[in-house]
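Here is a short briefing on a protein model.

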Amino acid sequence: MINHRLPAYLANARPNPLENRAPWYLNTAQSYAAIFLWIAFFDQLAGTATGEGALKMLGLGGCLLALVAAGAIAYLFFYYVPGLLGMQTGLPLYIVGTSTFGTVGGYFLPGIFMGLLQIGWFSVGTYYAAILILEGIGLQQHAVSLFGQGGAFSPIFVAVTVVWGVAFALVGAFGIKYVARVATFFPIVPIIMLLVSARLAAPYTGQFEVRFTDPVAGFMLIIQLVIGFFATAGAAGVDFCANNRNAEDVKWGGIMGIWLPIVFAGGLGIITVAGALGKNPQLENLTYSAALPVLEPRLGQVMKILFAIGSIAPACFCSFIIGNSLSTMLGSEKTRVPLTLGGAAIGIALAALGVAGNLAAFFGLIGASFGPVVGAMIADYLLSGCKWPGPRRGINWAGYAAWIVGFVVGIQNHPWVGGLPGWDMTAVYSLVVGFIVYAVLAKLGFQPATVEAPHLQIASAQEAR
């Protein structure tokens, strides 16, 4: 360990003390469950599973088994070590990441990069909310955008995205504490709607035609979609679990907040679509939201509006993280609001143009981006004796090489690259490659020494292990 002048974002950081922690069922579990109860998750998952996708490749039962496997991978490999690091240190991801990427390298990875990706998530939430609102009030003909599935441009759609995006960017910038209170209870609404839609679909699932064209590809496709959606949230386990008391909280918070909700929300979404296809076999490529009016037209319209309302909390949280991440790394607290609104403006533009509607490509890019980040963090954690060693000086080239090589592997099935089939689990491969590259380079001496930062140590660190 050496003396080294720390950047402002590190010098000003302080760990969350143990006395401020709470049980897993009061923080981690509900925070993660809300992610999977967002319609963007099970709508795209179910939609990609239809047509010639996973649902017809391996059938409904196979899709449900694949979801169990995907939940296990998300929990064990993408969440657990980041969660332990957050619990042990009480520090956020952009501080903990300075061990894997360095005090200088940490500016971009994971600091600024996480904020930039949240712009993408904000655009997804805004796009989905606009679509659901317009369809829910009977204006389906206007639920189109320039680069979306409709292929046309609708001024009404643009207006809805702008109003929605600006409103909840402002809430994220100024009133996020009020959203957090409401979000604690709101997941009850999508839970009820998922149960109702699956109940409506159940009588027709037996009529759904299964082809079993490629069960292995279908199984892997489900895993790829889930991990692509979850990868950034897995790394954010550092932030979520900084509020946990011990390793038991990390374990049960992940099982009940990640593994179970993946199976629950994803499974009920796919069951709903299978039932809709069974009821009307002429239909193809149904998303979850498109299946609702097939099963029950009037109720389906109401549920779309309710799911749009359910997008409020994710939109506000994304805008909050945009401002918080970028202001911490690029400026100061005074720049948080302008950076929030600037990032939101980019997200609104992506939503209005329909770019945010291409979720399969977006999920793949996310998985490729954050898979190697988590893989490198796991390697660093294990090589350091299953603890956080502290910030490393400058740029940790072992971490950056792991991220670059892992990202190249992770995008090999992306539509923009096309090296591997779209169903291949490249998000998982990227984590494995990131782990291996970091471990090898660290052993070869490409890992810088840690720097002194006693203010980042919690008083009773031994108890937090």
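The largest nonpolar core has 129 residues. A nonpolar core is a set of buried Ala, Val, Leu, Ile, Met, Phe, Trp, Tyr and Cys residues joined through side-chain atoms within 4.5 Å. Buried means under 20% relative accessible area, exposed over 50%, and partly exposed in between (1.4 Å probe, protein chains only). This is a predicted model: local features need pLDDT of at least 70, side-chain atom pairs count only at pLDDT 80 or more, and totals for chains, interfaces and linings use all residues. Residues are numbered from 1 along each chain as its sequence is written, and side-chain values use heavy atoms, leaving out hydrogens and water.

**Nonpolar cores**
- Phe 41, Trp 121, Val 124, Ile 222, Phe 230 and Tyr 288 have the most contacts inside the largest core.
- Helix 4 (residues 54–89) gives the most to this core, with 17 residues. Helices are DSSP runs (H or I, at least four residues), numbered from the N terminus.
- Another core, of nine residues, lies apart from it; Ala 402 and Tyr 438 are among them.

**Salt bridges**
- The count is four salt bridges, each a side-chain nitrogen of Lys or Arg within 4 Å of a carboxyl oxygen of Asp or Glu.
- Lys 304 and Glu 135 form one of them (2.9 Å, N to O). Lys 304 lies in helix 14 (residues 297–309) and Glu 135 in helix 6 (residues 108–136), so the pair ties together parts 169 residues apart in sequence.
- Asp 249 pairs with Arg 245 (2.7 Å, N to O). Asp 249 is buried at 1% relative accessibility, while Arg 245 is partly exposed at 37%.
- Arg 392 meets Asp 380 (3.1 Å, N to O). Both Arg 392 and Asp 380 are buried.

Technical notes
Helices (H or I, at least four residues) and strands (E, at least two) are DSSP runs, numbered from the N terminus.
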